[in-house]
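Have the structure open and follow along.

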Amino acid sequence: MIKIDNLNVSVENKEILKGINLEVKSGELHVIMGRNGTGKSTLANVLVGKDKYKVTNGTVSFNGENLLDMSPEDRACAGLFLSFQYPVAIPGVNNMYFLKAAVNAVRKSQGEEEIDAVDFLSMIREKLKMVALDESFIHRPVNEGFSGGEKKRNEILQMIALEPKLSILDETDSGLDIDALKIVAQGVNDFRSPERSFILITHYQRILNYMQPDFVHVLMNGKLVKSGTKELAKELEEKGYSWIEEEMTEVT
Amino acid sequence: MSISNYKVEFEKMLNRDYFSKSLRPYRKEAFTQLEKTGFPTRKWEDWRFTNVSKISDGEFMISEISDAPQTTPNIDSYQMEGVDTVVIYNGHYQKDISSIPNGVNLLSGLEYMERKNGNFDRANNSPFDLLNTAFTDSGMCIVLEKNTLVKSPIRILFISNGDRSIMVNPRVNVDIGESSSLTFIEQHVGDATSFFQNESVFITLENNAQLNHVRIQSNSEFTQNIANLNVNQEYDSHYDFFQLVDGSKLGRSNICVQLDGENAQCNINSLTLSKNNQHIDNNIIVNHNSPQTHSTQFVKSILFDTSTGVFNGRTVVHENAQKITAHQTNKNLLLSKKANMNSNPQLEIYADDVKCSHGSTTGQVDEDALFYLRSRGINKQDAMELMVTGFANEVLDKIPQPEIKKAIYTEFTVKLNKLMS
């Protein structure tokens, strides 16, 4: 699905990612954990093509294509999706109109016919149920006046409407109460399939009580320094990150 | 500034038999006063950013019979579903193609004056109101008696065509009687190459009256347009104003609302779309003269090319006007590095128990929002259009009637997309 090879990224001449190597295969769910400021969101943003992030070295191949050469919209059309940590509000732009434009842009790029308004509405009604959002939501401006939990559920709604191949969830679980967390986790679980992959970026082990990750990685100082299974997440929750730092010092 | 250029035309005007003699004293008085004040210059506080030398140095002529259409003008391209239309062409009333809805009395200026026992409405002594009084040549008076609910909107369609530098000074009176309601649309269109329109509108809302007022200024890019809007509101009256401006070389709207009666409410909404070197200025004053009165100003501009704009919004809360609410918002979207906007929201409060707010933002399209849309597969061009349309929608959504909203929305979107492609 995606193969990240020795990825180096800097922001405003400051090196943030210092050689990331990661391969995610079809159907896999990878978790990336780490402290604040270690580069987790940088990794997410550089993959979807945000322009203030500069790739200084390395390659990313997405289903055989050179991801870094593609525009943000082409990446989305190729099946990449990011659930933003802080989704922006877009006043005046109706959520449904936006969603329909997005779904049709993706369909068009895949040579499919555009979906009409009636079919779209019945499709989106189904998906709204999956994230426990009221229909009035899609008639409001995108993210405007939404609570934190509503914004995150709106991200998941977009994900299941756009049906991406690889979804990156950037701290989608942060700040959610337990009910909203379950809804988000359930939304992702229902969406999992052998053709779809996920990268879940999080601070907390909590959401993993509702999900089955294949791998857990630790990002530290711009590098993935340790990989393991769900057990690693539990260990991090109990012991924090300093033991990994110590391990690293011993190695060097 | 000298108004000598206008003197000759003024004499000409006084000698026209078809203008009523009873108006002459008012005309003369206004012109004499105008000679004293002169046209505004940029040294005047309210005119700092707007240069009217094209008008003050201009040589505009009053409209002649020969400026009226020789055959019935075709208004097919200005059709609007479900409205009655009164047509005024270069200042000349086109009775054959005009209609009015039931319940509306349409009076000439003279008939209106008789109704008012010979009194002639005079606004403040601003130069352009004086000019209008001196040269009043067309326009209509719309009168609704008490308890009249008119469902079908009435539109006055002002068409300005031709290559002669003519000046028209339409005067419109709208009187809405107690507990009556109306939707009034004024639409300014045409392809004139050199034209000056100085319009004065007087609106009176009696107790519990309601008026939706829609003003569309989409005449040619070469015209000079001054609109002087005077609104007086009594108890419990409700005034909703919506303005869309995309026409004229120079456009200036002077909007002055007096909330005289308790619980009177006005909402001023305006959207401007400017391009090339158009200059559009909105000068708004809302006076809260009584307690429990409410006002909003919601004014947005989208500027392309080297176009410029001004927002001067003033809300004055007088001493006894307690428990009022007043909100001002001005947002401007600059779609070119050379576009320029001057925004000046002001609150002047002399009462102590009020709820007021004001805010102003001017900037380019939000890059984060643009990226958000692109990250969902929408290409850059479409994402820009979506955002700019969204910016406009916040105002367009305030248009009162669904049919009118649809008509304006469609026309606006076509114009916007043309500019963005």
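## Starting at β10 of chain B

Strand β7 (residues 166–168) of chain B runs parallel to β10(B), and three bridges join the two. Strands here are DSSP runs of E at least two residues long, helices are runs of H or I with at least four, and both are numbered from the N terminus. Two strands count as paired if DSSP finds at least two bridges between them. In this pairing, V168(B) sits opposite Q197(B) of β10(B). Strand β8 (residues 171–176) of chain B is also parallel to β10(B), this time with six bridges, and V172(B) faces V201(B) there. Then there's strand β12 (residues 223–233) of chain B, which pairs with β10(B) in the parallel sense over 11 bridges; F202(B) stands opposite N230(B).

Before going on, a word on the source: this is a predicted model, where local features need pLDDT of at least 70, side-chain atom pairs count only at pLDDT 80 or more, and totals for chains, interfaces and linings use all residues. Residues are numbered from 1 along each chain as its sequence is written, while chains are lettered from A and ligands numbered from 1 in the order in which they are written.

How many residues of β10 (195–205) in chain B are buried? It's 11 of the 11, so the strand is largely enclosed by the rest of the structure. (Buried means 20 or more other C-beta atoms within 10 Å of the residue's own, exposed means 12 or fewer, and partly exposed is in between, with C-beta atoms placed from the backbone.) In a regular strand, side chains alternate between the two faces of the sheet. Both faces of β10(B) are covered, with F195(B) and Q197(B) among the buried residues on one side and F196(B) and N198(B) among those on the other.

## The ten-stranded sheet

Chain B also has an open sheet of 10 strands with mixed pairing, in the order β3-β2-β6-β9-β11-β13-β15-β17-β19-β21. Its edge strands are β3 (92–94) and β21 (355–363), each pairing on one side only.

Inside that sheet, β6 (154–159) and β9 (181–189) of chain B run parallel, joined by six bridges, and F158(B) has H188(B) as its bridge partner. Leaving out residues up to four places away in sequence, Q187(B) touches Y78(B), R155(B), L157(B), F158(B) and I216(B); a contact means C-beta atoms, placed from the backbone, within 7 Å.

## Chain B overall

Chain B has eight helices and 21 strands, and 49% of its 421 residues are buried. Its C-alpha trace spans about 70 × 50 × 45 Å along the principal axes. Of the contacts with a separation of 6 or more, 84% link residues 24 or more positions apart.

## Where chain A comes in

The contact between the chains takes 20 residues from chain A and 18 from chain B. On the chain A side, α2 (72–77), β7 (90–94), α3 (95–109) and α5 (148–162) each supply at least two residues. The largest share, six residues, comes from α3(A).

Notes: Two residues are in contact if their C-beta atoms, placed from the backbone, lie within 7 Å.
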